[in-house]
Amino acid sequence: MNGKGTGTAAGASASVSTPMLSDPARFDEVYRRYFLPLVRRATWKHRLEKEDARDVVQEAFMVALVKLDPQRNPKAWLIQVVDHLSINFQRKVIRRAKLVSRWSPVDAGMATCDRIGEGPDVYDNVPDSTGGDD
């Protein structure tokens, strides 16, 4: 597959930007050929867990259903998409970890206590809702 048309009537009648969705047999062939190598790539190059790598590659194939041009180089395109989605996945994991650390009760001084009487009393500085001096 060199990215050039075959010069046959079938190649000439096909649209240059035909998505893979229009040819399910071709998509199935590409999926079976590249799925596992792309999972390995995401696992080794981007240090993703195997299940996360599978999710990323699956997402890449979902994008390929709509956007991949079978007349071009599907392997190179899928590699690039998997690389971008892997990086985005890592960014999302880092962003979530930062949010969890920022908003966790331990960091806010509200650590859970095993026994009553340990740690700060959360209600010491809460003003009375009645506003009166009782």
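Good morning. On the face of helix 3 turned away from its buried side sit the exposed residues Met62 and Val66. Here buried means under 20% relative accessible area, exposed over 50%, and partly exposed in between, with a 1.4 Å probe and protein chains only. Helices (H or I, at least four residues) and strands (E, at least two) are DSSP runs, numbered from the N terminus.

This is a predicted model, in which local features need pLDDT of at least 70, side-chain atom pairs count only at pLDDT 80 or more, and totals for chains, interfaces and linings use all residues. Residues are numbered from 1 along each chain as its sequence is written, and side-chain values use heavy atoms, with hydrogens and water left out.

The chain contains four helices and zero strands. Of its 134 residues, 22% are buried.

Let me stay with helix 3. Its buried residues are Ala53, Val56, Val57, Ala60, Phe61 and Ala64. Viewed down the axis of helix 3, these fall within an arc of 140 degrees, so they line one face of the helix; the arc is that of the directions from the helix axis to the C-beta atoms. An α-helix has 3.6 residues a turn, so residues three or four places apart point the same way. Which elements cover the buried residues of helix 3? Helix 2 and helix 4 are among them, where contact means heavy atoms within 4.5 Å.

I turn now to helix 2. The 22 residues of helix 2, residues 24-45, should span 32 Å at 1.5 Å a residue, and its end C-alpha atoms are 30 Å apart, which agrees. The expected span is 1.5 Å times one less than the number of residues. Where in helix 2 does a kink lie? A kink of about 40 degrees is located at tyrosine 34, shortly before proline 37. The bend at a residue is the angle between axes fitted to the seven residues ending there and the seven starting there. Tyr34 is also one of the buried residues of helix 2, which include Phe27, Val30, Phe35 and Leu38. The cover over the buried residues of helix 2 includes helix 3 (50-67) and helix 4 (74-103).

Finally, consider the loop between helix 2 and helix 3, where arginine 47 is found. Most residues other than glycine have a negative phi. Arginine 47, however, has a positive phi, near 55 degrees. Is arginine 47 buried or exposed? Arginine 47 is exposed, with a relative accessible area of 68%.

Thank you.
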